[in-house]
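This briefing is meant for someone meeting the structure below for the first time.

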Amino acid sequence: MDWKLEVVVVPVSDVDRAKLFYEEQAGFTVDHDTRLRDGVRVVQLTPPGSRCSIVVGAGVIEAAPGSVKGLQLVVPDIEKAHAELTARGVVVSPVQHFVAGARVNGHGEAWNNFVFFNDPDGNGWAVQEVPLAA
């Protein structure tokens with residue numbers, strides 16, 4: 001039996017601001033924006049090429065806005081991802097890699113190239129370069 005991760009709920013303080021960030025700056029597709037009842041709104045967004053989406057909304061999670069860290073996207077070209085995020089106005093780290101658990105600027109070996117960014121609430125994202133042959 002396959003078990004597939006479909007949705008991760010990301011706690012935000014302002015749904016419209018988060019939707020705008022993820023759609024226009026991070027480049028996610030808005031799958032739907034649904035108001036289920038008063039105080040409950042679900043906005044589902046999907047990164048390009050992903051089979052897993054995120055949900056931001058009102059009345060959908062009790063976690064504090066900005067409390068999610070370690071969300072990770074993978075791309076075949078870290079330089080292209082960095083350039084795209086930067087062009088869209090995202091504050092993104094330089095390309096970095098890990099040495100003895102610490103982030104160091106510059107490229108590392110295969111599987112060890114990242115950029116990092118936060119959404120407006122401080123939810124933390126990593127973008128990792130994954131070789132095409134993987």
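A polar contact is taken here as a pair of N or O atoms within 3.5 Å, where, within protein, one atom must be able to donate a hydrogen and the other to accept it. In this predicted model, the side chain of Asn123 reaches the backbone nitrogen of Ser67 at 3.4 Å, and a polar atom of that Asn123 side chain also lies 3.4 Å from the backbone nitrogen of Gly66.

**Two buried asparagines in loops**

- Asn123 sits in the loop between S8 and S9, and because its relative accessible area is 0%, where buried means under 20%, Asn123 is buried.
- Asn113 belongs to the loop between strand S7 (102-105) and strand S8 (114-118), and Asn113 counts as buried because its relative accessibility is 4%.
- A polar atom of the Asn113 side chain lies 2.7 Å from the backbone nitrogen of Gly108, and Gly108 is also among the residues in contact with Asn113 once neighbours within four places in sequence are left aside.

**Other residues of the loop between S7 and S8**

- Glu109 lies in the loop between S7 and S8, and with a relative accessibility of 67% Glu109 counts as exposed.
- Between Glu109 and Gly70 there are 21 Å in space, C-alpha to C-alpha, and the two are 39 residues apart in sequence.
- Trp111 is likewise found in the loop between S7 and S8, where Trp111 is partly exposed, with a relative accessible area of 44%.
- Although Trp111 is not a glycine, its phi is positive, at about 75°.

- Ala100, found in the loop between strand S6 (96-99) and S7, is a residue other than glycine whose phi has a positive value, near 50°.
- With a relative accessible area of 84%, Ala100 is exposed.

**The largest pocket**

- The volume of the largest pocket is about 560 Å³, and of the 25 residues that line this pocket, Pro47, Pro48, Leu73, Val74 and Val75 are the closest to its centre.
- At least two residues of the lining are supplied by each of strand S4 (53-58), strand S5 (71-75), helix H2 (78-87) and strand S9 (124-129), and the largest share, five residues, comes from S5.
- By residue type, the lining of the largest pocket divides into 18 nonpolar, four polar and three charged residues.

- Val55 is found in strand S4, and at 7% relative accessibility Val55 counts as buried.
- With neighbours within four places in sequence left aside, Val55 is in contact with Val7, Val8, Val9, Val10, Val42, Val43, Gln44 and Val60.
- Val55 and Glu84 are 29 residues apart in sequence, and their C-alpha atoms are 22 Å apart in space.
- Ala87 lies in helix H2, where its relative accessibility of 69% makes Ala87 count as exposed.
- The C-alpha atoms of Ala87 and Gln44 are separated by 24 Å, and these two residues are 43 residues apart along the chain.

**Aromatic rings**

- Where ring centres within 6.5 Å are taken as a pair, the count comes to nine aromatic pairs.
- The rings of Phe114 and Phe116 have centres 5.9 Å apart and planes at 15°, so this pair is stacked, as planes under 30 degrees apart count as stacked.
- Phe114 and Phe116 are both buried.

Methods
Residues numbered from 1 in each chain as written. Predicted model: local features only at pLDDT ≥ 70, side-chain atom pairs only at ≥ 80, totals over all residues. Heavy atoms only, no water. Helix = DSSP H or I, 4+ residues; strand = E, 2+ residues; numbered from the N terminus. Buried < 20%, exposed > 50% of the residue type's maximum accessible area, 1.4 Å probe, protein only. Contact = heavy atoms within 4.5 Å. 1 Å grid on protein atoms, 1.4 Å probe; cavity = no way out; pocket = protein on both sides within 12 Å on 5 of 7 lines; lining within 4 Å. Points joined across faces, edges and corners; volume = space filled by probe spheres on them. Nonpolar A, V, L, I, M, F, W, Y, C, P; charged D, E, K, R; others polar. Phe/Tyr/Trp six-rings, centres within 6.5 Å; stacked < 30°, edge-to-face > 60°.
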